[in-house]
Amino acid sequence: MASTIRVRATANGDITEVQALIQHPMDSGFVKDSKGELIPAHFIQELKFEYNGKDVFVADWGPAVSKDPYVKFSFKGAKKGDDLKISWTDNKGASDTTTAKIS
Amino acid sequence: MTTTTGPHPTRRLILQGAASVALLGLGNLPFGATPARAAANDKYPEAAFRQKSEADAIKALYGKTAEPSDKVKLDAPEIAENGGVVPISVATTLDKVTSISFFVAENPNALAASYKIPEGTIPSVANRLKMAKTTNVIAIVEADGKLYSATKEVKVTVGGCGG
């Protein structure tokens, strides 16, 4: 299966800008389906970005983060061609990991 | 920003209070609720995400209150047509930032997202949040152990939390 994580990491001098888009329903637990039954909460709880074995950005998310979440941040110290590791875990224990090349 | 607890504190909050003064000898709650410094360690701040009001959520996440600061720049739309996807970002000129958190005041649970900012990461985050209705969005920046906030009202024409 294709990865649920799409990442663009661009180094510009010392600063690398990272944009990530993840495919996930992010069900809040407050929405009803067509039969009027509540769709149980299903959302990413932790999203982590690691560079060189060190966390550069960690997100703790609740169900109020939009479906197919997007996040953008920047960090210092990486170079073009380096690897950035991205992983998430949701409230049902599912997870996904990918590695992106910084361009 | 008020520092008082709402008129109806949740049962969990009462339990936490009771446990912390060891009146009932309850021991640890299932998810080891230690409100102070919760954002600084690696554990998912489950207790903070369950609080209803933003004041309670801030207290559960950080164990202290925030002061408004013009050094926290909160960028959110005046009007969001779709409350399911509201682009919100925060940047700050403050030094020694360790975390940035987003709260939506009148969502069922106020805390939406909390980001740890390690040394070397720029204190600026953009994300997209759901908003149930027109209400305040609050960004909290933790810098050098203190909390700073910025608040902006976003008008929502179609809510993004209910059915």
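## A salt bridge between two chains

Between chain B and chain A there is 1 salt bridge, a term that stands for a side-chain nitrogen of Lys or Arg within 4 Å of a carboxyl oxygen of Asp or Glu. The partners are K116(B) and D60(A), whose side chains meet at 2.9 Å, N to O. The elements of chain B that give two or more residues to the side touching chain A are β6 (111–116) and β7 (124–129). Strands here are DSSP runs of E with at least two residues, helices are runs of H or I with at least four, and both are numbered from the N terminus.

Some background before going on: this is a predicted model, in which local features need pLDDT of at least 70 and side-chain atom pairs count only at pLDDT 80 or more, while totals for chains, interfaces and linings use all residues. Residues are numbered from 1 along each chain as its sequence is written, chains are lettered from A and ligands numbered from 1 in the order in which they are written, and side-chain values use heavy atoms, with hydrogens and water left out.

## The wider interface

How many residues does the contact take from each chain? Chain B gives 32 residues and chain A gives 33, where contact means heavy atoms within 4.5 Å. The size of an interface is often given as the accessible area lost when the parts come together. Here chain B and chain A bury about 2400 Å² between them, with 53% of it on carbon and sulfur atoms; this is the area lost to a 1.4 Å probe when the two parts are put together, summed over both. Y44(B), R128(B) and K130(B) supply 26% of the area that chain B buries against chain A, more than any other three residues.

β7(B) provides 6 residues, the largest share of the side of chain B that touches chain A. That side divides into 16 nonpolar, 10 polar and 6 charged residues. In this scheme Ala, Val, Leu, Ile, Met, Phe, Trp, Tyr, Cys and Pro are nonpolar, Asp, Glu, Lys and Arg are charged, and the others, Gly among them, are polar.

Two strands pair if DSSP finds at least two bridges between them. Within this pairing, V71(A) has N127(B) as its bridge partner.

I15(A), in strand β2 (residues 15–22) of chain A, has a contact in the other chain too: it touches I122(B), as well as T10(A), S74(A), F75(A) and K76(A), not counting residues up to four places away in sequence. Is I15(A) buried or partly exposed? With a relative accessibility of 35%, I15(A) counts as partly exposed, since buried means under 20% relative accessible area, exposed over 50% and partly exposed in between (1.4 Å probe, protein chains only).

## Inside chain A

β3 (44–51) of chain A is largely enclosed by the rest of the structure, because 6 of its 8 residues are buried. Strand β6 (residues 83–90) of chain A pairs with β3(A) in the antiparallel sense over 6 bridges, and strand β4 (residues 54–61) of chain A pairs with β3(A) antiparallel over 6 bridges. K48(A) has a bridge partner in each: S87(A) in β6(A) and V58(A) in β4(A). The hairpin of β3(A) and β4(A) has 2 residues between the strands, and N52(A) in the turn has a positive phi of about 60 degrees.

## Inside chain B

Chain B has 3 helices and 9 strands, and 46% of its 163 residues count as buried. One loop residue to look at is S69(B), between β1 (67–68) and β2 (72–75) of chain B. S69(B) is buried, with a relative accessible area of 15%. Its side chain reaches the backbone nitrogen of K71(B) at 3.0 Å. Leaving out residues up to four places away in sequence, S69(B) touches Y148(B) and S149(B).

Technical notes:
Polar contact = N/O pair within 3.5 Å; in protein donor to acceptor, adjacent residues only side chain to side chain.
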